[in-house]
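Please keep the sequence and the 3D view open while reading.

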Amino acid sequence: MTNNNQNTLEKLKEEARSALAECESLASLEEWRINYLGRRGAISTVMGSLGGLDQDSRRTLGKASNDLKILLQDEYDDKVQEVSVSQNAENQVTGIDVTLPGRNPPQGSFHPTTLIVREIAAAFAPMGFRVVEGPEVELDTYNFQKLNIPADHPARDMWNSLWVDYPNDPDLRPFLLRTHTSPMQIRVMEQETPPIRVIVPGKAFRYEATDATHEWQFTQIEGLAIDKGIGFADLKGTLDAFAKSIFGETRKTRFRCDFFPFVEPGAEMSIDCFKCDGEGCRVCSHTGWIEILGAGMVHPEVLRGVGYDPNIYSGFAFGMGAERIAMLRQGIDDIRHFYANDLRFLKQFSQQ
Ligand code: FA5
């Protein structure tokens, strides 16, 4: 073996080892392997050049090249092991386990109130009712006065109000969080001319203690139909069709007198209990009937107030609590679940 050849191998060994020391990732190690140990790498090149040497030199240099290849292969294997271990440790610190299957990003779904509001709106749509929305902060005029509930009228006691206060002027208190969606009856009639058929879903607010069936913020769905020649039979037919669509084709409805200052006559509608078919059970408090909504023929005073002639136009209005309908439909026993932000509850109704 010539000195020259020996020097070449020594240089190659040094160069390969210092390059290996600099490798810090599996990718750079693979690159190193190709450069030095690969089929066209540096060691193979030296071995390929042995052909021109005499037999002795060929044998000596061949053995030296082979020894170097084995040495570098060993050092390479050790380094791969070392880099893998440190990369795994790094991944564990950052919480990444590349062997686990990917996690699905959490997907939102509709709130049970949204679902029931959509379902109710869809039940009225084939009867020509479109959806409109209105302000949640309302004027006293719309929430009460134009609905035939003047200031100091005892009927105001039916709706415990949350007033928006003006600390600098305690007399100026025209705003409140609307106690029902009925003010939208007035706003729609003021803006439109009959025929009118609207559904108004939205939030309502009442200053009252919460319990299993009462929230201080809940959702109402108002309905209003105004035209020439609308009578109580239209009210009954429309609401009966709605009840059958939401609670089942075999449902019976019952109308009984009720008082709301903005309708005359006024009524409450009940359905026969879908749980016991009217036999009497816990759901219907053993009466066989479940009260669903308040309704009535729009009061002539209210029609006059918005400039409609009650001798020409008539109509009906109704209002229901969306959460209470959802509770009946889904067997939910406490309205407070709706807004407690508990995903265990909300996920039960998820529907994309
Ligand atoms: C009204 O609010 C009338 N505006 C309904 C109406 C409209 C009558 C048009 C006639 C014509 P009432 O206060 O009964 O009525 O409320 C209607 C529905 O809202 C109730 O049947 C109930 O389902 C729901 N509701 C009332 N208060 C609460 C509450 N605190 N928490 C949850 N739901 C409630």
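The model is a predicted one, and the distances below are computed from it. Glu-215 also comes to 2.9 Å of a ligand nitrogen atom, in this case through a backbone N or O atom. At Gly-321, a polar backbone atom is 3.2 Å from an oxygen atom of the ligand. The ligand taken alone exposes 680 Å², and the protein buries 92% of that.

The wider surroundings can be described next. In total, 24 residues surround the ligand, and the closest are His-180, Ser-182, Arg-206, Glu-208 and Glu-215. Three strands, β6 (217–228), β9 (289–298) and β10 (313–321), each supply at least two residues of the shell. Of the shell residues, the largest share is that of β10, with five. The space that the ligand takes up is the largest pocket.

Helix α2 shows how burial can be arranged around a helix. Within α2, which spans residues 26–36, the buried residues are Leu-29, Trp-32 and Tyr-36. Viewed down the axis of α2, these buried residues fall within an arc of 55°, so they line one face of the helix. An α-helix has 3.6 residues a turn, so residues three or four places apart point the same way. On the other side of α2, Ala-27 and Glu-31 are exposed.

Another helix, α3, covers residues 42–48 and includes Gly-48. Gly-48 is exposed, with a relative accessible area of 63%. Between Gly-48 and Gly-296 there are 103 Å in space, C-alpha to C-alpha, and the two residues are 248 apart in sequence.

Strand β8 (residues 263–272) holds Glu-268. Is this glutamate, Glu-268, buried or exposed? Glu-268 counts as buried because its relative accessibility is 11%, below the 20% cut-off for a buried residue. The side chain of Glu-268 makes a polar contact with the side chain of Ser-270, at 3.5 Å.

Strand β8 is also the place of Pro-265. The peptide bond that leads from Glu-264 into Pro-265 is cis, with omega near 0°. Pro-195 lies in a loop, the one between α7 (183–191) and β5 (196–205).

The backbone has further points to check. Most residues other than glycine have a negative phi, and most peptide bonds are trans. Asn-148 is not a glycine, yet its phi is positive, at about 70°. Asn-148 sits in the loop between α6 (140–143) and β3 (162–163), and with a relative accessible area of 25% it is partly exposed. Asp-277, likewise a residue other than glycine, has a positive phi near 55°. Asp-277 is found in the loop between β8 and β9. Its relative accessibility is 52%, so Asp-277 counts as exposed, the cut-off being over 50%.

Key. Residues numbered from 1 in each chain as written. Predicted model: local features only at pLDDT ≥ 70, side-chain atom pairs only at ≥ 80, totals over all residues. Heavy atoms only, no water. Buried < 20%, exposed > 50% of the residue type's maximum accessible area, 1.4 Å probe, protein only. Helix = DSSP H or I, 4+ residues; strand = E, 2+ residues; numbered from the N terminus. Arc of directions from axis to C-beta. Near = heavy atom within 4 Å. Polar contact = N/O pair within 3.5 Å; in protein donor to acceptor, adjacent residues only side chain to side chain. Areas by Shrake-Rupley, 256 points an atom, 1.4 Å probe, with all protein chains shown as cover. 1 Å grid on protein atoms, 1.4 Å probe; cavity = no way out; pocket = protein on both sides within 12 Å on 5 of 7 lines; lining within 4 Å. Sits in = over half its atoms within 2 Å of the grid points.
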